[in-house]
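Please keep the structure in view while reading.

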Amino acid sequence: MPAVDALALGARLAQLLATGRRVSTYKLATLSALVQHCLENPVAEDAAADVPIPELADRVVEAYWPQVRAFGEIGLLRQNEQAGAGVRTVVDTVRHLRTLAEQRGLGTPAQLRAAEPDLWRRTRRALAIVLAQQPLFALQRSGGRAPGTAFLYDDSWLSKKVTVAALDAHAWSIELLPGVSTALRRLSPVLQPVVQQWWVDDVQRMNRAELGVPDLHGFLFGAERTAVARLAPGLREYQRGKCFYCAQRLPADVHVDHVLPWSRVAIDGVRNLVVADPRCNGDKLAALPALEHVQAVLARPEDDLARIAAPLRWPVESERVRGTARSLYASAPVGTPLWRRAGVYEFLGTAPLPF
């Protein structure tokens, strides 16, 4: 079977999602979760890939988590034009989860998952059913209605009334067609920003004149610094008071930074977090870091990170970070600029990745 043409796949996705009027952000959230899953779980070049739907549900929760905060006087932003549709159910569910987390002094979905595993299992199962009945069924269909040729995964068994028995028969998973996972990983640097911009446009349209705040994108997709800031003391002590990137003595004001940029992969696990001085963090922004920085962050002993994370019930998520790092750099074209330190870049070569 010939390799999937990533550009052709991206063009097809863009055309499909632009067909008709999107009445919710639901398909965008699911597509974003699917791309994130492919980044975290790389497979061989032309292989098919099983994608557990409950794991997609986890990523959808993570996507909506920062968006269910109050947006000024408006409160919860409207993300669906049709009352009673699935996106409302998901958003309401995520808002309920976030409220529970805040009542327990927890800041992230991963913290709540660790603190309330039974609740999380029940919720992700319910959300997985919603995903199977709605966006996964509709994603490859024009306007969510007319059947089309499957080009991402076999959706012939999905429907708006898909049963638990059908989900059981398919191990609660969809199977990406051969080569699709690789193509989505290669597309991610372009596809994710496009999906986010569509998402912003849809939210603006659905809330109409009620929105007058300039950085809606930052509100919807920016990292929540307050939550990760709780790890600063432990990371600072572990790094012996030095910036992870430049090794200079840290000032009183430090930043907790996502080594693999949050704008590319929303992973808050301690494996992906360091403390940096404001100059390094402000210069790095959304750039991919130099390979030596990724090697260093992956080499930190698991037990050390677990000791930092445990008092806060924070996840380490080493496998997520490791798999995503391999995907990001393996998919990046030769010559991609990699941030080394403030004002200094190097360029991705052809040598095998060291991690």
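This is a predicted model: local features need pLDDT of at least 70, side-chain atom pairs count only at pLDDT 80 or more; totals for chains, interfaces and linings use all residues.

Leaving aside neighbours within four places in sequence, Asn281 is in contact with His255, Asp257 and Ala276.

- Asn281 lies in helix H13, which runs over residues 278-284.
- With a relative accessible area of 10%, Asn281 is buried, because buried means under 20% relative accessible area.

**The chain as a whole**
- The chain holds 16 helices and six strands. Its radius of gyration is 20 Å, close to the 20 Å that the globule rule gives for 355 residues, so the chain is as compact as a globular protein of that length.
- Along its principal axes, the C-alpha trace of the chain spans about 60 × 50 × 40 Å.
- Of the 355 residues in the chain, 53% are buried, while the accessible surface comes to about 15,900 Å², with 54% of that surface belonging to carbon and sulfur atoms.
- Among contacts between residues at least 6 apart in sequence, 74% join residues that are at least 24 apart.

**Ala229 in its loop**
- Ala229 has its place in the loop between helix H11 (225-228) and helix H12 (232-238).
- The relative accessible area of Ala229 is 40%, so this residue counts as partly exposed, a class that lies between buried, under 20%, and exposed, over 50%.
- Ala229 and Val344 are 115 residues apart along the chain, and their C-alpha atoms are separated by 27 Å.

- In general, side chains of opposite charge can pair when their charged atoms come close. The structure holds 22 salt bridges.
- One of these joins the side chains of Arg205 and Glu81, with an N to O distance of 3.2 Å. This pair links distant parts of the chain, since Arg205 belongs to helix H9 (residues 180-207) whereas Glu81 sits in the loop between helix H3 (53-64) and helix H4 (86-103), 124 residues apart.
- Both partners are partly exposed, Arg205 with a relative accessible area of 26% and Glu81 at 28% relative accessibility.

**Salt bridges within a helix**
- Arg95 forms a salt bridge with Asp92, and the closest N and O atoms of the pair are 3.1 Å apart. The two residues both lie in helix H4, where they are three residues apart, about one turn of the helix.
- Arg95 is partly exposed, with a relative accessible area of 35%, and Asp92 likewise counts as partly exposed, at 30% relative accessibility.
- Asp118 forms a salt bridge with Arg121, for which the closest N and O atoms are 2.1 Å apart. Because Asp118 and Arg121 are three residues apart in helix H6 (residues 117-133), about one helical turn separates them.
- At 44% relative accessibility, Asp118 counts as partly exposed.

**A network of shared partners**
- Salt bridges that share partners also join Glu40, Arg59, Glu62, Arg113, Glu317 and Arg320 into one network.

Technical notes
Residues are numbered from 1 along each chain as its sequence is written. Side-chain values use heavy atoms; hydrogens and water are left out. Helices (H or I, at least four residues) and strands (E, at least two) are DSSP runs, numbered from the N terminus. The radius of gyration is taken over C-alpha atoms; the globule rule is 2.2 Å times the number of residues to the power 0.38. Buried means under 20% relative accessible area, exposed over 50%, partly exposed in between (1.4 Å probe, protein chains only). Contact means heavy atoms within 4.5 Å. Accessible areas come from the Shrake-Rupley method with a 1.4 Å probe; for residues, only the protein chains shown count as cover. A salt bridge is a side-chain nitrogen of Lys or Arg within 4 Å of a carboxyl oxygen of Asp or Glu.
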